[in-house]
Amino acid sequence: MVSTAAYAPQFVSSRHAIAAIRVRRAAGRTLITVARSIGIFVPVFIVATFVTFALRAVSGLSPARIQLGEEATPAAVHRIEGTWGLNRPFLAQYWSWFTNILHGNLGRSWSNGVNVSQLIGDGLTVSLSVATLALVIGIVFGFGLGTLAALRRTTWIDRVITAVLTVFAVTPPFVVGIVLVEVFAVSLRWFPSGGFVPFGAGAGPWFEHLLLPALALSFDTVAVVARQLRAGLIGAYQENYVTGAVVRGLSPRRIFFRHVLRNGAGPALAALGLQFPALIGGSVVTEWIFGLQGFGRFANDAAQAGDVPSVQGVLVVSIVLVVTFNLIVNVVLGRVTPASQRGV
């Protein structure tokens with residue numbers, strides 16, 4: 001009689017081989033996702049930067065108008081534009097600017113001559129802190145409310161959550177911001193009404209100054225994520241693989257986490273890719289309300305001042321941020337939701 005112990009090494013070896021194959025397949029899918037995203041990003045980035053740079057020529061703006069005013073003589077304008085290299089052919093100017101941005105050099109501000117990369121970096125630290133915290137709040141509460149609504153669908157809990165999400169979706173961030181300041185900063189004095197404290201000064205003060213503006217920005221994200229997740233989970237519960245899992249006697253908890261959530265979270269994760277640029281764009285008004293010198297406020301000030309290099313830098317950084325975040329979402333979507341990998 002052959003002992004079963006003789007088969008143990010073969011069984012372990014087979015399991016390791018299967019695990020290695022799965023790891024290689026997952027890595028291959030991730031590489032394909034990254035390659036596709038890069039393949040889309042490169043031409044989009046080139047076209048976007050060209051259009052962005054062409055805005056200066058179309059607008060007719062000049063650093064001489066900012067430095068000398070409307071009374072500038074043609075000779076003075078020509079001299080200053082020559083100093084900035086604006087008397088060169090358009091394509092030569094674009095190529096110099098494009099190669100510089102590939103090295104992280106976004107040029108210098110027409111208003112004060114400061115490096116645009118430094119100015120954007122200072123504002124981006126504030127805006128990314130607010131947007132990231134708002135995104136975390138949106139994901140946590142969106143997934144929580146969406147899951148609860150799907151598990152209690154057609155009940156009063158589902159109806160209450162749907163009503164709350166509708167209010168969240170239609171309320172502008174600046175209205176939410178004003179209410180939060182009035183209640184929690186002015187009346188209760190629980191949080192500061194504005195300003196920004198770097199993380200290096202302490203996690204507590206940093207978080208206290210970010211929470212209210214992040215909450216003001218997060219309402220729409222909570223509503224979008226929760227709605228998409230609820231619809232995705234309800235749809236996943238109606239799939240045949242869930243029926244098969246029930247027939248096999250799997251527990252409701254295992255069915256939810258192993259089958260329903262992994263396949264139903266796809267729409268919610270895809271919606272996050274659109275929410276990040278919305279958070280960056282919505283930060284303009286929010287930063288004004290809470291007195292934050294962030295990326296959005298810098299973009300608004302640069303546009304009003306006619307500071308073309310700063311506006312161009314804002315657009316380039318925005319493109320990179322949006323594409324990078326969507327790449328991360330696509331990679332996570334491919335790893336978390338098996339249904340999204342069927343076409344790979």
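Two residues are said to be in contact here when they have heavy atoms within 4.5 Å of each other. With that in hand, a reader new to this predicted model can start from a single residue. Leucine 106 touches Trp97, Ile101, Val116, Ser117, Ile120, Pro309, Gly313, Val316 and Val317, once residues up to four places away in sequence are set aside. Leucine 106 also belongs to the largest nonpolar core, a group of 57 residues. Within that core, the residues with the most contacts are Ile101, Leu106, Ile120, Val260, Phe295 and Val317. In soluble globular proteins, nonpolar side chains tend to be buried together.

Of the 344 residues, 36% are buried. The chain exposes about 18900 Å², and carbon and sulfur atoms supply 66% of that area.

Two packed helices are described by the angle between their axes and the distance between the axes. Helix α5 (residues 116–151) and α8 have axes that come within 4 Å and cross at roughly 35 degrees, and the crossing is right-handed. The residues of this contact divide into 26 nonpolar, 7 polar and 1 charged.

Helix α8, spanning residues 203–237, also packs with helix α7 (residues 173–187), at an angle of about 145 degrees and with the axes 8 Å apart. This crossing, too, is right-handed. On the α7 side the contact involves Pro173, Val176, Gly177, Leu180, Phe184 and Ala185, which meet Leu212, Leu215, Ala216, Leu217 and Phe219 in α8. These residues divide into 10 nonpolar, 1 polar and no charged.

Leucine 292 lies in the loop between α11 (266–289) and α12 (295–305). Leaving aside neighbours within four places in sequence, leucine 292 is in contact with Val126, Val130, Gly195, Phe196, Pro213, Glu287 and Arg297. Leucine 292 and glycine 194 are 98 residues apart in sequence, while their C-alpha atoms are 6.9 Å apart in space.

Serine 310, in helix α13 (residues 308–336), is likewise buried, with a relative accessible area of 0%. Beyond its neighbours within four places in sequence, serine 310 is in contact with Ser109, Val116, Ile120, Phe298 and Ala302. Of these, Val116 and Ile120 are also touched by leucine 106.

Threonine 154 is found in the loop between α5 and α6 (156–170). Threonine 154 counts as exposed because its relative accessibility is 68%, where the cut-off is over 50%. What is the phi of threonine 154? The angle is positive, about 70 degrees, although threonine 154 is not a glycine. Most residues other than glycine have a negative phi.

How values were computed:
Residues are numbered from 1 along each chain as its sequence is written. This is a predicted model: local features need pLDDT of at least 70, side-chain atom pairs count only at pLDDT 80 or more; totals for chains, interfaces and linings use all residues. Side-chain values use heavy atoms; hydrogens and water are left out. Axes are lines fitted to C-alpha atoms, for helices over the stretch in contact, and angles run from 0 to 180 degrees between N-to-C directions. Helices (H or I, at least four residues) and strands (E, at least two) are DSSP runs, numbered from the N terminus. A crossing is left-handed if the near helix is turned anticlockwise from the far one by less than a right angle, and right-handed if clockwise. Ala, Val, Leu, Ile, Met, Phe, Trp, Tyr, Cys and Pro count as nonpolar, Asp, Glu, Lys and Arg as charged, and the others, Gly among them, as polar. Buried means under 20% relative accessible area, exposed over 50%, partly exposed in between (1.4 Å probe, protein chains only). Accessible areas come from the Shrake-Rupley method with a 1.4 Å probe; for residues, only the protein chains shown count as cover. A nonpolar core is a set of buried Ala, Val, Leu, Ile, Met, Phe, Trp, Tyr and Cys residues joined through side-chain atoms within 4.5 Å.
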